[in-house]
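The following note sets out numbered remarks on the structure shown below. Please read each remark alongside the coordinates.

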Amino acid sequence: MLGALTVLLVFQLIGEVLVQFAGLPIPGPVIGLLLLFLCLCVRGGLAVPLRDTANGVLQHLSLLFVPAGVGVMVHFPRISGEWLPILAAVLVSTALSIAVTALVMRVLMHGRDGSDTAADQREGDA
Amino acid sequence: MTPRITDVWVYLSASPLLGLTLTLLAYQAAYWIYQRAGFNPLLNPVLLAIAMLVTALILTGTSYAVYFEGAQFVHFLLGPATVALAVPLYLQFDKLKKLALPLVCALLAGSVTAIVSAVGIAWLLGASESTLLSLAPKSVTAPIAMGIAEKIGGIPSLTAVLVIMTGVSGAMMAKYVLDALRIADHGVRGFAAGVAAHGIGTARAFQVSEQAGAFAGLGMGMNGLVTAILAPLLLVLWRLI
């Protein structure tokens with residue numbers, strides 16, 4: 001657990017350092033994600049503690065967004081002043097984006113209907 | 001800020017302990033409600049926890065800066081959690097490899113839809129320019145979105161809030177939108193949630209299944225990279241029209 005947590009932090013640190021040096025427009029943790037992923041592929045396996053720790057952290061992923069979300073209180077004046085464009089843009093655009101992503105992917109995966117993709121998924125799970 | 005340390009409240013409000021503990025308590029209360037409701041997406045735990053905390057801070061007259069002194073410890077874990085997404089990605093890699101083309105095309109379509117429709121709708125309804133620019137990167141994970149907003153002239157801290165609003169609304173709506181389109185495949189469902197609603201959509205996808213979660217994590221990561229390139233480009237096009 002401690003070792004696995006250290007692995008995650010080390011990869012984040014490497015990512016941050018690379019971003020600083022290369023001036024990349026991508027945040028350090030995303031580079032850390034890519035590097036850890038490459039390491040796992042090269043190593044060809046995953047240690048159990050790392051898997052358990054990663055699952056533990058990801059299980060509570062939504063908790064980690066709470067502090068940033070509370071920042072809404074700082075922007076109350078602007079949001080209440082422009083509530084209609086902001087709310088409409090966020091809600092409609094998010095729903096559209098979910099629908100477009102899912103439809104394009106389904107069409108390109110099979111060009112068939114939803115029941116077939118579900119059948120393939122069971123096959124994939126087996 | 002030099003409060004006279006004469007009572008417990010003043011002492012506590014000056015220490016990070018309170019902000020941290022309140023965050024964990026609020027989230028666990030919110031999660032308990034969510035669980036009791038059978039994981040109903042409309043009772044999103046992030047939304048409930050934020051509502052509880054904002055109410056508590058306003059009632060006690062506590063500023064966001066003071067609260068964040070403690071909450072930053074939770075916020076910090078976003079970094080290692082992002083790195084941890086490499087694990088489900090690796091475990092699902094065999095499935096993902098076969099789907100490279102559909103994934104990339106769906107990502108590009110979803111990413112452009114998110115940027116253009118958000119800015120377009122807000123523009124039609126008369127939003128100010130700084131709000132428009134802050135909205136453009138709303139579908140990607142907060143640290144990337146804030147960087148993009150800064151680059152194109154938005155307000156990074158407003159973008160962070162819009163990003164959370166997008167994530168929460170995506171996590172609440174995804175089930176209904178995907179059910180209406182009769183999309184059953186957990187990979188497709190997760191990927192759409194990750195592309196449109198980043199980490200909060202991904203968190204919701206992980207609550208549904210590991211496969212949905214891994215695809216969502218991939219969608220979130222890929223959309224972060226793509227939006228960082230597309231948002232400034234689309235903005236240049238917008239200015240030309």
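1. Domains of chain B. The C-alpha centres of domain 1 and domain 2 of chain B are 25 Å apart. Domain 1 covers 8-76 and domain 2 covers 84-240; such bounds come from an automatic or database domain assignment. In chain B, 6 residues of domain 1 are in contact with 7 residues of domain 2, where contact requires the C-beta atoms of two residues, placed from the backbone, to lie within 7 Å. The side of domain 1 of chain B that touches domain 2 of chain B has 5 nonpolar residues, 1 polar residue and no charged residues. In this classification Ala, Val, Leu, Ile, Met, Phe, Trp, Tyr, Cys and Pro count as nonpolar, Asp, Glu, Lys and Arg as charged, and the others, Gly among them, as polar.

2. Basis of the model. This is a predicted model, in which local features need pLDDT of at least 70 and side-chain atom pairs count only at pLDDT 80 or more, whereas totals for chains, interfaces and linings use all residues. Residues are numbered from 1 along each chain as its sequence is written, while chains are lettered from A and ligands numbered from 1 in the order in which they are written.

3. Confidence. The predictor assigns the complex an ipTM of 0.89 and a pTM of 0.85. Chain A has a mean pLDDT of 85, with 87% of its residues at 70 or more; pLDDT is the predictor's confidence in each residue, from 0 to 100. For chain B the average is 90, and 97% of the residues score at least 70. Among the elements of chain B, the mean pLDDT is lowest in helix H1 (residues 8-13), at 71, and highest in helix H8 (residues 100-124), at 96.

4. Confidence in chain A is lowest in H7(A), with a mean of 41, and highest in H6(A), at 96. Over residues 112-126 of chain A, pLDDT stays under 50, and the model has 16 contacts beyond four places in sequence for them.

5. The interface. In total, 68 residues of chain A are in contact with 97 residues of chain B. The helices of chain A that each supply at least two residues of this side include H1 (2-22), H2 (28-43), H6 (83-109) and H7 (114-125); helices (H or I, at least four residues) and strands (E, at least two) are DSSP runs, numbered from the N terminus. H6(A) gives the most to the side of chain A that touches chain B, with 24 residues. By class, that side of chain A has 49 nonpolar, 15 polar and 4 charged residues.

6. H6(A) against H12(B). H6(A) packs with helix H12 (residues 186-208) of chain B at an angle of about 140 degrees, the axes being 8 Å apart. Axes are lines fitted to C-alpha atoms, for helices over the stretch in contact, and angles run from 0 to 180 degrees between N-to-C directions. H6(A) and H12(B) are therefore oblique to each other, given that angles under 35 degrees count as roughly parallel, over 145 as roughly antiparallel, 65 to 115 as roughly perpendicular and the rest as oblique. Residues of H6(A) including Thr94(A), Ile98(A) and Met105(A) meet residues of H12(B), among them Val188(B), Phe191(B) and Ala196(B). The contact of H6(A) with H12(B) divides into 10 nonpolar, 3 polar and 2 charged residues.

7. H2(B) against H4(B). The axes of helix H2 (residues 16-36) and helix H4 (residues 64-76) of chain B come within 6 Å and cross at roughly 55 degrees. H2(B) and H4(B) are therefore oblique to each other. Leu17(B) and Leu20(B) are among the residues of H2(B) that meet H4(B), whose partners include Phe68(B) and Val74(B). This contact of H2(B) with H4(B) has 9 nonpolar, 3 polar and 1 charged residues.

8. H10(B) against H13(B). Helix H10 (residues 142-152) and helix H13 (residues 210-240) of chain B pack at about 20 degrees, with axes 10 Å apart. This makes H10(B) roughly parallel to H13(B). Ile144(B), Ile148(B), Lys151(B) and Ile152(B) in H10(B) meet residues of H13(B) including Gly224(B) and Leu235(B).
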